[in-house]
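Let's take a walk through this model, one piece at a time. Keep the viewer open and follow along as we go.

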Amino acid sequence: MAEGAGAGPRLAELLAAGRRLWEEVETGAEPSSGAPAVQDKVRQGLDALRQAAAMVAQLDLFSENEELEEIASADLKYLLLPALLGALTLKQVDLSKRLEHLESARAHFWRFLKLCRSYGLGSFHLPPARPPGEEDAGSPSPGGPAAAQPNLVAMASSRQAKIERYKQKKELENRLASMKTSVESGQADEDQLREFYILQTQKWINTSLEEIESIDQEMVILRSRGTAKQSSAPPHGTSRQVRTPMKPFILTRDAAQAKVFGAGYPGLPTMTVDDWYEQRRRQGVVSGQSAPQRAPGIIDEELQKQQQEKKEEEDDEEALQKARNWDDWKDTHPRGYGNRQNVG
């Protein structure tokens, strides 16, 4: 493919503007990324990069069927467009659209990695096109609970991969810093220019892998929060049942007590426990199964109490009769009657 591939200065300007705005946002002195000035730069950068990406697609600069050597050195820098789009997309701070921004940024990073993989730029494992667990969300995971246990081998492998990526990233940054002056001043030859753009691409491969891993973790948290909110919210169109306020009454154990208390408190109605449950059941507050079922032990205890009370009443009657008989006896027998011990 010919150098520049007819891209023209307009495409180069759009890429340069988008990259410059991303660098200003990334290394800016603003205390908050949500500052209006910062978000203006984010919007301008995204607009410039989107226009550039549309032009690259229209010009068909890259194809998965060609080799890296077939790409003109001046066109290599346009490989970074999807990665820069993903990086600037993450800088947006609208919390109501955070999940949408994460999905969009992940898609940009994944397209960049897929393009680099097709050209053989770097040795890495291409992440899945969609976040893990999204396709089979809500379905039981294969293997049951055992599959949910952390895989120590996978964790160790992931940690080792992160260490290697960090080392590669630092090495690439050092090499790029040593070449940056000659490239920007226009003194670099074509071989140096080509190496510089390839090193930039390899550096962004490591960045994209890290960003996709971070995005997947954040998306899991956001989706779990959304699920928790939906489960805690009442169903749409339903409202809490309005209960009729209860009038005051005296709750008694049985009908006998109800008669006693009813006589003493004419202003307040009386109601037994069974009557109270029956009334609440008719109102739909409790089900028929909610009525208290008295166990045999409780019934026996109540019967014993009633028998004891009856016995006490009978004992009281017997004691009263003895007292009456004693009074009658005293009326017919003077004090000291029957005492013969002191008679001489």
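Start with α4, where a whole set of residues is buried: Arg98, His101, Leu102, Ala105, Arg106, His108, Phe109, Trp110, Phe112, Leu113, Leu115 and Cys116. Keep in mind that what you're looking at is a predicted model. Just past the end of α4, Gly120 takes a positive phi of about 70°.

Zoom out for a moment. The protein chain has 10 helices and two strands. Read from the N terminus, the order is α-α-α-α-α-α-α-β-α-β-α-α. Of the 344 residues in the chain, 27% are buried. As for how the chain meets itself, take the contacts between residues at least 6 apart in sequence: 67% of them join residues at least 24 apart.

Now back to α4 and its partner. Two packed helices are described by the angle between their axes and the distance between the axes. Here, α3 (residues 81–89) packs against α4 at an angle of about 160°, and the axes are 7 Å apart. Angles over 145 degrees count as roughly antiparallel, and α3 and α4 are therefore roughly antiparallel to each other. Their crossing is left-handed. On the α3 side, the contact is made by Pro82, Ala83, Leu85, Gly86, Ala87 and Thr89, while α4 brings His101, Ser104, Ala105, His108, Phe109 and Phe112. Sort the residues of this contact by class and you get seven nonpolar, five polar and no charged ones.

Is His101 buried or exposed? Its relative accessible area is 9%, so His101 is buried. Leaving out residues up to four places away in sequence, His101 touches Thr89, Gln92 and Asp94. Thr89 is also one of the α3 residues in the helix contact.

Next, follow the chain out of α4 to Leu126, which sits in the loop between α4 (98–118) and α5 (145–148). Leu126 has 21% relative accessibility, so it counts as partly exposed; buried would need a value under 20%. Setting aside residues up to four places away in sequence, Leu126 touches Trp110, Leu113, Lys114 and Arg117. Among these, Trp110 and Leu113 belong to the buried set of α4.

Which residue just after α2 takes a positive phi? That's Asp60, with a value of about 55°, and Asp60 is not a glycine. You'll find Asp60 in the loop between α2 and α3.

Methods
Residues are numbered from 1 along each chain as its sequence is written. This is a predicted model: local features need pLDDT of at least 70, side-chain atom pairs count only at pLDDT 80 or more; totals for chains, interfaces and linings use all residues. Side-chain values use heavy atoms; hydrogens and water are left out. Helices (H or I, at least four residues) and strands (E, at least two) are DSSP runs, numbered from the N terminus. Buried means under 20% relative accessible area, exposed over 50%, partly exposed in between (1.4 Å probe, protein chains only). Contact means heavy atoms within 4.5 Å. Axes are lines fitted to C-alpha atoms, for helices over the stretch in contact, and angles run from 0 to 180 degrees between N-to-C directions. Angles under 35 degrees count as roughly parallel, over 145 as roughly antiparallel, 65 to 115 as roughly perpendicular and the rest as oblique. A crossing is left-handed if the near helix is turned anticlockwise from the far one by less than a right angle, and right-handed if clockwise. Ala, Val, Leu, Ile, Met, Phe, Trp, Tyr, Cys and Pro count as nonpolar, Asp, Glu, Lys and Arg as charged, and the others, Gly among them, as polar.
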